[in-house]
Amino acid sequence: MTDAAYAHLLAPGRIGSLELRNRIVLCPMGLLFGNDDGTVSDNEAAFYAARARGGAALLLVGTVCVGYPEGTNHPRMPGASDDRFVPGMRRLAQGVHRHGAKVAAQLNYMGTYSFIDVEQGRGRLVPYELPPPDPEPLVGMLTPDEARRMATPFVAPGANLGYRVATEDDIARIVDLYASAAERCRRAGYDGVELHAGHGYLIDEFLAPRNTRPDRWGGSVENRARFLLAVIGEIRARLGPEFPLWIRVNAFERHHEVGERFDEQLQVIEMAVAAGIDAVHLTAYANTDVATAATDSYAPHVAGPLQEHAARVRARIDVPVITFGRLEPEEADAAIAAGQADFVAMGRKLLADPDLPAKLAAGRVDDVRPCIYQYRCIGNIALREPSRCVVNPVTGREHDVGLELPPTARPRHVLVAGGGPAGLDVARLLAARGHRVTLREAGTRLGGVLVDAAATDPVLGAYLGWLIRQVERADVAIELGAAVDPDSVPGDVDEVVVATGAVWGTPPVPAGSGPTGAGPTGAGPAAAVRSLADIRSWLRGDDGEGSRGAEGAVGDDVVVLGSSVAALSVAELCLRRGRRVAVVSDTPYVGAELGPPGRYRLVGELEAAGARLFTGATVDAVAGDHVAVTCDGRTEELPADTVIGLAPALPAATLADALAPTGLPVRTVGDCHRLGFIEGATTGALAVAAAIG
């Protein structure tokens, strides 16, 4: 692969007076990497510098709050409401410029999402009195700890859950806040400003057709756009026509009876262009009463709709269009080549691999670490915590951890026992430091339980492929079918890292509830609760995908017992292969390993595909042809010729204990140490590789 494969994506571009080295933009994201007073932290500055070093052309600092702390969601969001913010902003800009990239602030006043205003008793400033939320039941599928964290602002002493409808004086004051913040951005050395006019924040609340206020700020499209145009006009009056200024605006809103329509939003865009903006960053939004709102709109779970709308916008206006939306690099290049957009913004992908642009330019596309869409990044923000990336534990900690581990001053021979995600990751990191690494895997292939997971989710297969390639290229000695025990450790090994993963058993069912014996080989009575190991060949497709007659096959009516992502993924695969599926969880929530947006998406898609979900349920009996379940005070017999049970995994650290008599330093990593799944594997691998100096 050469850079010619991405000739359009890597070509220089321009937004107004702003010259950019390629067409890759870092999406603006509310990451909560700043200090608790809204100033730029060392980690925040280092985060943006890392993406600049990695080759992105333009870095957008998300949700820079023009009225901080007023109009702000969280204390760690960046502020630009006072000169005290300027030194940190200048330091951030200098770090970006040092690596040849440009930086812009996305200015925002958060309206209904101004949770600091709630917490501090002010109430939230909005264009009109908003109706109370009416969330669908799936929105409440949270762990108790998640629910507690999300509720923090609303249960604070003196919290004010009400709204303040903006007056003429309020509107004039907020317009001034935007313009003053833009002036500070320019003084701090930022190269441009993006106005956030989407995602339900204050400007977007004015734009929404639900804004029927009777004065000049509501009703018609022209009136609803007046606030946005006033902000643009005031910034232009103060900063002149040359300072780069553009908007991020919804193409549409989903799940609203009265929502933004593309034809009206196109009118808003044309008015903004006439008012002097230099580009349009097209996005989308949805009614947050619907659990899948985020993944249906601004964090799309599938690529496509935003590009179609971007192409229609680009055909109507004469300034550049920025698009985004889970595009792979080849898709991004094709979108630009086809004239759908001028720039492509990437968020999740650049959290996973800040060096993505540089790797594309160097023809190293296979080295790009893939995002696996676990939604920890977005989910953490909903939980009022700094964003994190499941596959990249350095994200958000670039200053504290460093972008890469330094070379070792004392190379050693390290034996890694286990070739699952934790073992692979620690092996590549140790080899990169200069250690001699031997990786032993008792099975006949690398990947461990990630091989099973990849059968249900292709992005996990991409991540597994990336891990294996990195280990192979790192000159790690790989030994398959080679278990580790105290007698088999080579004499020249200096340290051992145990990465033997977890044990996946079956959940207990009432004694005597069903016959014993081997599992079924096809349709027929359920003979036992079957484990992940029992269905592994069927799961991986080793005996023919979806076969009902092969050994270990799965029948037509499947009941999955469990609450984990693994249980949901097995259920999803069964549905995809034409089975009828019910999922029974003893907890009131499922998929706790995922950030809430990913959980909502997975559960929503399961139910839409026909799965029945029983949460907070009790299994009363596993009988010959059914499973008796009690849920919400009612007992039901679920047809079942296959029952698959996935009990919570248990760490498998017995090897570490067995190796103690050898006298070698032994460390554990991944699920054999503490259950953490892929996120635990990556964070643990980094810690262990750092500890082995």
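I looked up Ala-417 first: Ala-417 stands opposite Val-498 in β16. Strands here are DSSP runs of E, at least two residues, and helices are runs of H or I, at least four, numbered from the N terminus. Strand β13 (residues 413-417) runs parallel to β16, and four bridges join them. I count strands as paired if DSSP finds at least two bridges between them.

This is a predicted model; local features need pLDDT of at least 70, side-chain atom pairs count only at pLDDT 80 or more, and totals for chains, interfaces and linings use all residues. Residues are numbered from 1 along each chain as its sequence is written, and side-chain values use heavy atoms, with hydrogens and water left out.

I then checked the other partner. β16 pairs with strand β27 (residues 666-668) over three bridges, in the parallel sense. Val-496 stands opposite Val-666 in β27.

Which residues of β16 (residues 495-498) point one way, and which the other? Glu-495 and Val-497 take one side, Val-496 and Val-498 the other.

Next, the barrel. Eight strands close into it in the order β3-β4-β5-β8-β9-β10-β11-β12, with parallel pairing. Neighbouring strands of this sheet are turned by 30 degrees against each other on average, direction ignored. I zoomed in on strand β9 (residues 245-254) and strand β10 (residues 280-286): six bridges join them. Arg-254 stands opposite Ala-286 in β10. Helix α9 (residues 262-275) packs on the sheet and touches β9 and β10; its direction makes about 170 degrees with that of β9. Axes are lines fitted to C-alpha atoms, for helices over the stretch in contact, and angles run from 0 to 180 degrees between N-to-C directions.

Then the cores. A nonpolar core is a set of buried Ala, Val, Leu, Ile, Met, Phe, Trp, Tyr and Cys residues joined through side-chain atoms within 4.5 Å. The largest has 162 residues; Leu-107, Tyr-178, Tyr-190, Leu-195 and Phe-227 touch the most other members. Helix α5 (residues 168-187) gives the most to this core, with nine residues. A second, separate core of 33 residues includes Ala-291 and Ile-644.

Last, confidence. The chain averages a pLDDT (the predictor's confidence in each residue, from 0 to 100) of 94, and 96% of the residues score at least 70.

Terms used
Buried means under 20% relative accessible area, exposed over 50%, partly exposed in between (1.4 Å probe, protein chains only). Contact means heavy atoms within 4.5 Å.
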